[in-house]
Amino acid sequence: MDDRIEAKRSVTYVTDLSRTLSGGGAYAVNWHAFDELAKRFNAHYAGPIVPKPPFVERNVSKVRRRILKVPGRYSYFSGPTLNRNARIAANLVAPGSDAIVFRSAGRWSRCRPAVPYFVYLDAAVHTFFHNTFEPSDFESADLERIWREEALFLENASGVYFESDWGLRMAKSAYGLKRDHYRVAGRGGVLDPPLSDTWDGKSQRLVTIAMDFRQKGGDIVAEAYKRLKPRFPSLTWSIIGGEPDKGVAELDGVSYAGVLRADEPSERARLAEILSGAFLCVHPTREDTSPLVITEAAYFGCPSVSVRLFAIPDLVLDGRTGILLDAPADPAQLASAIESLLLDRPRYLEMRRGARDHALNNFQWERVGSVICDGIEEVLRG
């Protein structure tokens with residue numbers, strides 16, 4: 001029997017983000033994805049490679065769209081920008097790498113690695129674009145080129161791993177992807193789950209976590225809170241992240257904790273403390289993909305009230321681990337959903353158990369790492 005120990009494979013991880021837990025959900029996912037690779041491989045961090053569209057090209061597009069009111073070009077994914085990304089990425093690949101893992105796809109679509117490559121992403125560029133922009137603001141031929149290049153990059157990969165089933169479904173629908181190397185790897189949260197639900201059974205604290213208060217529906221939460229507070233004097237609201245709208249932090253029972261960085265021990269502990277006493281995570285977001293805040297709260301047994309959009313139905317099982325509202329949510333809808341749980345304790349307690357079980361069983365980084373790393377090893381063995 002050959003009892004020699006096989007040397008670790010070498011993998012280069014290509015990303016546009018710096019290696020930090022702070023800055024928003026994308027940074028946390030990026031950090032953990034590399035950490036999982038490093039557990040199994042000799043992992044090399046190639047990044048951040050920040051796409052920089054040419055100055056003239058970027059500003060011509062802005063002038064066309066904002067002043068001339070004619071379609072511009074999506075300069076972030078222009079030919080020169082993609083070529084620059086590819087050149088930098090090629091120069092940063094560690095010598096002797098057996099494989100490359102790209103965090104996201106579209107910005108790397110002109111990379112042509114000489115070794116097998118893999119992709120881990122939350123959603124395709126097509127999905128992000130239609131969440132944010134009006135297609136009529138851009139030249140249709142330019143957009144079709146971007147979609148075509150990303151689709152080819154995904155189809156030519158040795159393995160593609162999405163954070164959610166929603167992200168995979170949207171990409172397949174937009175691009176007509178045909179190969180069978182697409183998987184849902186999922187993603188975890190930033191904090192380590194506590195050993196048990198530590199809610200004291202009394203707190204009626206609402207929690208919102210967002211770097212952009214209005215983008216994630218903070219203004220809707222504020223109006224719902226104003227409706228509820230007179231009827232539920234014990235209701236409170238903790239705001240974490242970007243600064244809220246003027247006057248919100250001064251409302252009775254509202255506290256603004258600011259940005260709590262997960263890589264700062266005292267701030268990480270404060271975030272865990274707030275979540276451990278939370279009654280509900282409230283997230284009526286307007287623009288999102290797969291929000292980590294829902295998973296973070298659920299680790300602590302805290303259900304979420306959110307919207308039936310993006311990957312959120314993968315995270316919140318409506319009526320079992322939280323409540324999903326039709327979008328766009330309005331304050332009356334949101335207040336009614338919160339009130340229903342304040343008044344129905346048995347239902348609420350069952351929802352707490354469901355939220356924690358769902359998060360622990362489906363959104364753990366060890367599981368994500370196994371799916372991606374097993375896939376890479378299978379290809380390299382072949």
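In this predicted model, two residues are in contact when heavy atoms of theirs lie within 4.5 Å.

Q: Which residues does Arg145 touch, not counting residues up to four places away in sequence?
A: Arg145 is found in helix H5. Residues up to four places away in sequence are left out of the count. The residues that Arg145 touches are then Phe77, Ser78, Gly79, Leu82 and Arg110.

Q: Is Arg145 buried or exposed?
A: A residue counts as buried under 20% relative accessible area and as exposed over 50%. Arg145 has a relative accessible area of 16%. Arg145 is therefore buried.

Q: What distance separates the end C-alpha atoms of helix H3?
A: Helix H3 covers residues 79-92, which makes 14 residues. At 1.5 Å a residue, H3 should span 20 Å. The model agrees with this, because the end C-alpha atoms of H3 are separated by 20 Å.

Q: Within what arc do the buried residues of H3 fall, seen down its axis?
A: The buried residues of H3 are Gly79, Thr81, Leu82, Asn85, Ala86 and Ala89. They line one face of the helix, because seen down the axis of H3 they fall within an arc of 165°.

Q: Which exposed residues does H3 carry on the face turned away from its buried side?
A: The buried residues of H3 pack against strand E1, helix H2 and helix H5. The face turned away from that buried side carries the exposed residues Arg87 and Asn91.

Q: Which strands stand at the edges of the sheet?
A: The open sheet has 6 strands in the order E2-E1-E3-E4-E5-E6, with parallel pairing. A strand at the edge has a single partner strand, so one side of it is left without a neighbour in the sheet. The strands at the edges are E2 and E6.

Q: Which residue in E3 is the bridge partner of Thr12?
A: Strands E1 and E3 pair in the parallel sense over 4 bridges. In E3, the bridge partner of Thr12 is Ile100.

Q: What angle does the direction of H5 make with that of E4?
A: Helix H5 packs on the sheet and touches E3, E4, E5 and E6. The direction of H5 makes with that of E4 an angle of about 120°.

Q: What distance separates the C-alpha atoms of Ala185 and Arg367?
A: Ala185 lies in the loop between strands E6 and E7, and at 0% relative accessibility Ala185 counts as buried. Among the residues Ala185 touches is Arg367. Along the chain the two are 182 residues apart, and their C-alpha atoms are separated by 7.7 Å.

Key. Residues are numbered from 1 along each chain as its sequence is written. This is a predicted model: local features need pLDDT of at least 70, side-chain atom pairs count only at pLDDT 80 or more; totals for chains, interfaces and linings use all residues. Side-chain values use heavy atoms; hydrogens and water are left out. Helices (H or I, at least four residues) and strands (E, at least two) are DSSP runs, numbered from the N terminus. Buried means under 20% relative accessible area, exposed over 50%, partly exposed in between (1.4 Å probe, protein chains only). The expected span of a helix is 1.5 Å times one less than its number of residues. The arc is that of the directions from the helix axis to the C-beta atoms. Two strands pair if DSSP finds at least two bridges between them. Axes are lines fitted to C-alpha atoms, for helices over the stretch in contact, and angles run from 0 to 180 degrees between N-to-C directions.
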